[in-house]
Amino acid sequence: MSALRRGPPQYLSAVLRWLFQGARGAEVCEELEHEYTVVRERHSGLVAWVWYLGQILRPSTWLLAHEMRTHAFGGVEKTKEKRRGAWSFMLLDHIWRDTRYAARRLGRDWRFTLPAVLVLALGIGANTAMFSAVNTALFRPLPFEDADRLVNIYQNRSETGQDFGNSYPAYQDMAGYTDVFAGVAAFTVPMPVRYQADAGIGPGVAEYATSNYLAVQGLDLQMGRWFNAEEDSPDAAVVAVLGHQAWTNKFGATPDVLGQTIRIDGVPVTVIGVGPKGYSSSFHSGLVTDFWLPTSSVATVGGQADELERTADGSFMVRARLRDGVTLPQAQQAMTALAAILASEYPDIDPGTGISVLRSEEVLIHPQLDAMLRAAGWFLMIIVGVLLAIACTNLATWLLVRGLARNKEVSVRLALGATRGQIVRHLLVESTLLAGAGGAAGYFLAEWTIRLVALMDLPIDVSGGLDYRVLGFTLALSLLTGVAFGLAPALTATRVNLSPALRAGGDDTLHSSRRGFNLKNVLVVSQVVLSCVLLVYEGLYLRSLAATQSVDFGFSLEGLAFVETDARFAGYDTDEAAALSERVRERISALPGVESATLTASPPPGAHGGSELVFDAYEPADRESTYAQWVWAGPDYFDVLGVPLLHGRTFTDFDRPETPSVAVINESMARRYFGTPNAVGRRFRLVDGAGSSAGGVPGTELEVIGVVPDVRTSSDPQALPLFFRSYHQGQRTMSTVLVRATVDPATLLQPMLQVVRNLDDALPVIATKTVSQSVTESLGARRALGGLLGALGALGLGMACLGLYAVVSFAVSRRSREIGIRMTLGARQTRVIWVLSKGVAKLLAVGVTLGLALSWLVVRGSSVLISSLDQAADGVNLNAGPTADPTTFALVMLLMCAVDLAATFFPAWRATRAGPLAAVRHL
Amino acid sequence: MSLGDLQQVAMLAVARLGANAYGAAIRDELLHVAERKVSVQTVWVTLVRLEKQGLVDSTEGPREEGRRGRARRVFRLTPAGWSALDTARASTARMWEGVVQP
């Protein structure tokens with residue numbers, strides 16, 4: 001068997017055996033097979049495979065086959081052999097000749113070939129790349145062993161009763177159901193951290209997981225080991241398992257990383273393992289986790305001691321393996337029983353909304369987010385589909401036009417004695433060659449695009465490479481289009497009546513052409529319709545993106561600069577860090593060109609925390625969320641931002657940790673929860689997050705000391721409730737000195753950095769930038785998306801124009817005789833252009849009208865779909881689809897008309913410029 | 001009958017190899033001695049054409065240890081082949097006479 005296995009693959013050697021028939025042929029095959037084994041032994045199977053394929057494809061092989069077939073070896077058997085092989089060789093020979101002829105012909109008609117190949121390449125390549133990237137990022141299959149036995153468990157959220165997350169004690173309760181589950185593991189959502197390794201400080205993502213995480217999911221590490229139960233205890237030194245991608249990209253893929261100590265959020269952590277290859281995070285999506293840490297370290301590293309306590313909104317995800325023989329309904333039943341127990345034991349915390357058990361395979365990331373992801377997937381599929389449809393109709397139009405234009409050539413060939421079969425075969429080979437060239441170019445384009453996307457520093461993993469199923473599908477579709485539309489004119493053309501076609505100088509032959517024209521009209525109209533849909537859909541999306549980009553944050557970004565430091569990595573405790581930050585601020589405020597300086601946790605406009613709130617005088621409606629974000633702000637914060645104070649006072653140096661906690665709130669919050677713009681002196685409490693105690697028991701109480709106008713923390717155009725807390729009453733280890741400059745803020749960056757260096761050279765500086773620079777960078781991903789969509793829109797429009805141009809040019813060239821006569825008889829140029837454009841203009845009018853109507857339907861349909869998903873997603877603002885906007889519709893209509901008319905006008909204009917003589921020559 | 005360049009070196013390789021003159025060995029001989037890199041298929045094409053012209057003929061060679069399938073085809077020069085080679089050498093020699101490299 002082993003000797004057999006070393007031979008070349010069956011499917012390749014079969015080709016050679018078909019080529020070389022008979023005893024002598026078999027000798028050649030064996031000679032090459034023997035050489036294959038030699039190459040394989042010397043190099044590798046892959047090299048041998050490539051070598052063997054090369055042998056099959058090389059012309060000398062085919063020449064040899066031909067020589068051997070025509071070699072009269074003598075004897076009856078050998079003659080029989082020769083005759084047996086002759087027909088197949090002849091067919092091959094003909095196809096080869098047709099291919100060469102078609103290649104020459106396509107090369108000569110490069111004005112047709114080049115755009116056709118380009119359109120196909122873009123249709124196939126761009127689509128495949130885009131689909132592959134999103135597909136690997138969102139819809140990759142579960143990498144777990146026996147994934148169908150894994151379930152995700154969610155405690156339902158108090159306000160809405162929908163699946164959300166679990167508290168750690170609830171996870172422990174679930175793990176007690178050993179009769180239902182063979183194993184139960186928990187992990188948090190990926191959380192942002194900062195880590196310090198040799199290369200300096202960088203942002204990373206950490207998950208806190210239980211010690212049985214690997215065993216429950218059936219995963220194997222790349223290297224090292226997972227943490228054990230002893231290491232997952234509050235007293236143990238913190239250990240970490242690196243994500244495979246972090247190991248490769250951030251730690252140089254070296255095995256020395258094991259045993260190395262790195263700092264995560266300032267805490268020393270020992271690396272003990274490297275995660276499985278191709279496994280990016282617990283959410284098996286494109287999200288990338290850099291570190292897996294023991295759950296117990298969520299207090300020390302994450303600084304969130306209450307995460308391990310029983311709360312209403314826990315952030316642990318639970319994945320369990322069903323015991324053999326246990327079904328999903330049985331597991332659900334057990335968890336419902338647990339939910340009832342929890343509700344009766346902890347009535348203050350547990351809302352009694354139950355526990356959901358879902359198959360892991362049915363969850364993409366989280367039930368709350370999946371709806372949004374699916375909406376995004378649908379949006380993408382619509383664009384990709386429309387683009388592919390445009391590419392295919394385009395190709396069809398061109399082939400059709402070309403087929404009609406070649407009536408004369410076909411007639412000549414028929415007259416010279418070519419059979420109908422030969423002509424059909426020739427045209428078929430030509431369209432297959434064209435589709436093949438387009439496919440090959442598309443493949444390279446897709447490869448190139450996906451590499452480019454992988455090079456971008458995106459927060460998602462798109463390393464899955466090309467999806468060959470999609471590539472195959474798009475390729476097959478274009479091949480089918482090529483063959484179908486290459487064949488249709490071939491069949492029509494070969495039915496022509498020879499004499500009129502030869503006589504007419506390539507003019508329309510009545511019956512066949514009219515049919516072709518009707519089909520061509522349909523194709524032109526469909527192209528216009530599809531381009532309209534694409535443009536409207538993308539135009540609307542781009543407008544909504546632009547709207548979010550030009551958002552007013554409530555303060556001017558100009559003239560602001562910051563220096564961000566993290567004292568945890570330099571070993572400072574909170575008080576020392578606070579004192580140091582204050583000294584940095586003082587020195588920076590003394591720099592020339594600095595008008596004022598303040599302290600905050602990170603640069604604006606981002607928020608620093610969020611919590612559900614409890615108000616004495618405000619009773620939220622059923623399922624109403626009172627969630628609001630906060631920002632840590634030092635004295636002079638509002639002066640630096642240039643935000644005026646509406647009521648009360650701002651923070652001062654007297655707001656210290658030992659004094660009552662205070663807050664400045666924005667106007668929206670004041671009006672919504674206190675019913676008045678002047679809410680000074682009123683109080684509210686945090687439910688969870690930093691400073692809270694367990695569960696639903698209200699935590700820190702804050703007194704409102706001032707009200708400011710609406711300040712936004714995101715590009716969401718709607719102003720949301722937001723409050724500011726005194727920086728001096730926070731944890732203060734991460735500090736940002738924010739300055740308002742009287743000079744160009746960029747000139748202050750170096751002096752500010754120098755101030756920090758002078759005070760403590762070891763204090764890690766995270767960033768020194770102007771605020772507008774940092775906001776621009778944070779919008780980079782959106783801009784990239786906008787650019788991508790814009791490029792796709794332009795691509796669609798460009799393709800439609802090319803198609804249209806081809807059709808009109810053709811129609812005009814068919815009427816060159818008529819134009820000649822008209823011009824000779826003294827018709828005005830404008831009149832002739834109008835006559836020529838009229839027919840096309842009608843088609844365009846029909847196309848644009850239908851296109852806009854269809855676009856409206858698609859937009860309506862997608863917004864209905866998205867709003868239903870929105871409801872399913874528990875009020876998460878999906879913002880994934882556009883809304884109908886008359887301006888965009890009008891713009892698209894104008895653009896389409898302008899472009900289409902240009903595509904009509906130029907060929908017509910050119911025809912009239914050719915002069916009457918040129919046209920009359922055709923008479 | 002005049003011989004092509006490749007035909008001539010292929011026939012010389014057949015003559016040099018004697019009983020071992022099969023496809024791959026001839027290809028190797030051309031590579032190492034004549035310093036000409038050709039594929040085994042090209043060698044075969046040349047030999048088949050020479051066989052058609054009656055300058056070489058072929059028989060099945062002896063079976064080899066460790067090689068699967070049938071025995072290799074071994075080529076040898078026919079008397080006409082020897083004579084063609086001889087003619088080619090003589091004509092080349094005559095052409096060289098009186099040639100002086102400047």
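1. Let's start with A:Asp265. A:Asp265 is buried, with a relative accessible area of 11%; here buried means under 20% relative accessible area, exposed means over 50%, and partly exposed is in between, using a 1.4 Å probe and protein chains only. You will find A:Asp265 in the loop between β7 (261-264) and β8 (267-274) of chain A. Helices (H or I, at least four residues) and strands (E, at least two) are DSSP runs numbered from the N terminus. Look at the backbone too: A:Asp265 has a positive phi of about 50 degrees although it is not a glycine. Most residues other than glycine have a negative phi, and most peptide bonds are trans.

2. Before going on, a word on the model. This is a predicted model, in which local features need pLDDT of at least 70 and side-chain atom pairs count only at pLDDT 80 or more, while totals for chains, interfaces and linings use all residues. Residues are numbered from 1 along each chain as its sequence is written, chains are lettered from A and ligands numbered from 1 in the order in which they are written, and side-chain values use heavy atoms, leaving out hydrogens and water.

3. Is B:Glu35 buried or exposed? With a relative accessible area of 69%, B:Glu35 is exposed.

4. One peptide bond deserves a look as well. Between A:Pro604 and A:Pro605 the bond is cis, with omega near 10 degrees. A:Pro605 lies in the loop between β13 (594-600) and β14 (609-615) of chain A.

5. Now for the aromatic rings. Over all chains, a search of the whole structure finds 25 aromatic pairs. Rings of Phe, Tyr and Trp (its six-membered ring) pair if their centres lie within 6.5 Å; planes under 30 degrees apart count as stacked, over 60 as edge-to-face and the rest as tilted. The rings of A:Trp630 and A:Phe723 have centres 6.0 Å apart and planes at 45 degrees, so this pair is tilted. The pair links distant parts of the chain, with A:Trp630 in strand β15 (residues 627-633) and A:Phe723 in strand β20 (residues 722-726) of chain A, 93 residues apart. Both A:Trp630 and A:Phe723 are buried.

6. A:Phe723 has another partner. A:Phe684 and A:Phe723 form an edge-to-face pair, 5.1 Å centre to centre with 80 degrees between the planes. Here A:Phe684 sits in strand β18 (residues 683-686) of chain A, 39 residues from A:Phe723 in strand β20. A:Phe684 is buried, as is A:Phe723. Ring pairs link these residues into a cluster, whose members include A:Phe615, A:Tyr618, A:Trp632, A:Tyr673 and A:Phe674.

7. Next, a serine in a helix. A:Ser855 belongs to helix α26 (residues 829-872) of chain A. Why is A:Ser855 counted as buried? Because its relative accessibility is 2%. A polar atom of the A:Ser855 side chain lies 2.6 Å from the backbone oxygen of A:Gly851. Leaving aside neighbours within four places in sequence, A:Ser855 is in contact (heavy atoms within 4.5 Å) with A:Cys532, A:Val533, A:Val536 and A:Phe889.

8. Among the buried residues of α5(A) are A:Ser60, A:Thr61, A:Leu64 and A:Met68.

9. Finally, the chains as wholes. Chain A has 28 helices and 22 strands, and 50% of its 923 residues are buried. Chain B has four helices and two strands, running α-α-α-β-β-α from the N terminus on. Of the 102 residues of chain B, 44% count as buried.

Technical notes: A polar contact is a pair of N or O atoms within 3.5 Å; within protein, one must be able to donate a hydrogen and the other to accept it, and residues adjacent in sequence count only if both atoms are side-chain atoms.
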